[in-house]
Amino acid sequence: MNTKPFLQELQPYFTKDFIKNLEISLFTVPMGGDFPADFNYKQHFVIKQQTSDRVTVETAQASYLNTALFITVEAKKENGNWKIDKYHYEKPANFTDKDKQHTLITKEKAEIIVKEYLHGDEKEIDSITAGKGNTYYINAFVKMNTRQKIGTSIKMDSTSGEIQSLMQVNS
């Protein structure tokens, strides 16, 4: 298979090292699964590290199975242009297992976690409902501008605050 045209299309956006280390055999037509679906950086966007020639950010997106995924992107300057150098995603459980405790967090603490998790100037928690087991179901809105709100439904582990799944809807 001739991959040269594909790899050339990546050059403006990805570093030479990133492209060189791609495993082309893994590129197939996705049929669903736990990998990022739509990107909306306004939901959750945290700058983890930043220098004059490198930046690492974390964002969270819904997967094709509507589970939450944390995505870490590292970009660096290459020949004066910002390009993606590393890209990694994981389910939130992989980030929060060490943080799990055996006590329930309060609904107030759940609200704080969600407001920190969502990215935007105006965030509104519509409802927090205790579900079966150690689960909170949270409905929230983020005002993007005067004409647009993004609704988010979140399933949270009420022992750790781990966001187990999310679904986003533009309104």
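A: Leaving aside neighbours within four places in sequence, Tyr 136 is in contact (heavy atoms within 4.5 Å) with Ile 105, Thr 106, Lys 107, Ala 110, Ile 128, Thr 129, Ala 130, Ile 154, Lys 155, Met 156 and Ser 158. This is a predicted model, in which local features need pLDDT of at least 70 and side-chain atom pairs count only at pLDDT 80 or more, while totals for chains, interfaces and linings use all residues. Residues are numbered from 1 along each chain as its sequence is written, and side-chain values use heavy atoms, with hydrogens and water left out.

A nonpolar core is a set of buried Ala, Val, Leu, Ile, Met, Phe, Trp, Tyr and Cys residues joined through side-chain atoms within 4.5 Å, where buried means under 20% relative accessible area and exposed over 50% (1.4 Å probe, protein chains only). The largest such core has 20 residues, of which Val 114, Tyr 117, Tyr 136, Ile 138 and Met 156 touch the most other members. Two or more residues come from each of α4 (107–117), β5 (122–130), β6 (135–145), β7 (148–157) and β8 (163–170), these helices (H or I, at least four residues) and strands (E, at least two) being DSSP runs numbered from the N terminus. The most is given by β6, with five residues.

Within α4, Ala 110, Ile 113, Val 114 and Tyr 117 are buried. Seen down the axis of α4, the buried residues fall within an arc of 95° (taken from the directions from the helix axis to the C-beta atoms), so they line one face of the helix. Glu 108 and Glu 116, on the other side of α4, are exposed.
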